[in-house]
Amino acid sequence: MDRSPDDRSSLGDEPGSVEVDSGLLLLGAGVTTLTHPLIYVKLLIQLGHEPLSPTMGTTLFGRRVLYLPGFFSYAQYIVKVDGKIGLFRGLSTRIMSSTVSTVIRCRVKQAQLSSKDDSTDASLRKVVKETSQEMIVQCVSRVLAHPFHVMSVRCMAQFVGREVKYSGILRCISKIFQEEGIFGFYVGVVPHMLGEVVFLWCCNLLAHFINTYAVDDSFSQASAIRGYSRFVMGIAVSVLTYPFMLVADIMAVNNCGLVAGLPPHSPIFRSWLHCWKHLSQQGLLFRGSSFFSRRVPTSSSASCDD
């Protein structure tokens, strides 16, 4: 029996589907490459590496404060030390992490298309059901992609101590497995996963409540507002969940043998909760969340409470 066009497009082994998957992978790799310098600088800031001296500036109210260098100054420093290619340290493992996540989502999406519910019901029950399914996919994706994330973070963190311990995917896998075992690939996975789950639920539920109770159907642009509500909520919620990502990245480097994760540069943390508590006490839970107008923290203590 001949298949309809819709049936053919939903099969993962058909040329059309493979083409779409390849396009997404190439697009994802391109975006990852373009944004990598931003992520690289952000990670070094998250780890507390500040090789450039702060400069004196003034606030809008005329108060004199010390400002840390922004993204462009930091990137120029990396280029000065490692050359332009240095801005892409750790890129290959980051592309692998992105690729694994994209492949999983594509396969799940294709499986869902064949059994998709065409109902226009927008009840809270449906939102909870769909979000629960998304959460499962998100968690599976994180478990499979996290080892590459750890490798990427450690490759970038080597800039702090000028090490060459982690270089290349195979060497990274060998080093981590020999020194830390299988659990070494999953350091920081709990706060990272919690952050993604909290982000997902908050975005979907807030968007649902706004679309249901705050947007009036009589408004001419109601459909457009509903279409952008989740995007706007994502921006707001990402600020609240940022500390989870910060702690995850710090734990990926902590006590792994790199200068960036050892005293005196960083305390050794017993767990991610210990790390969270320390950063909270120091007022650093949002360190690295901004690339510009970065003020010198009021607390500069590097000690860690037992």
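Tutor: Start with accessibility: buried means under 20% relative accessible area, exposed over 50%, and partly exposed in between (1.4 Å probe, protein chains only). At 54% relative accessibility, F72 counts as exposed. F292 is partly exposed at 46%, while F71 is buried at 11%.

Student: What should I know about the model itself?

Tutor: It is a predicted model: local features need pLDDT of at least 70, side-chain atom pairs count only at pLDDT 80 or more, and totals for chains, interfaces and linings use all residues. Residues are numbered from 1 along each chain as its sequence is written, and side-chain values use heavy atoms, with hydrogens and water left out.

Student: How many aromatic pairs are there?

Tutor: Rings of Phe, Tyr and Trp (its six-membered ring) pair if their centres lie within 6.5 Å; planes under 30 degrees apart are stacked, over 60 edge-to-face, the rest tilted. The count here is eight. F71 and F291 have ring centres 5.7 Å apart and planes at 70°, so they pair edge-to-face. F71 is in helix α3 (residues 71-82) and F291 in the loop between α9 (272-282) and β3 (294-295), 220 residues apart. Helices (H or I, at least four residues) and strands (E, at least two) are DSSP runs, numbered from the N terminus.

Student: How is the pair F72 and F292 classed, and why?

Tutor: Their centres are 6.0 Å apart and their planes at 40°, so the pair is tilted. Ring pairs link F71, F72, F291 and F292 into a cluster.

Student: Is R142 buried or exposed?

Tutor: R142 is buried, at 10% relative accessible area. R142 lies in helix α5 (residues 124-161).
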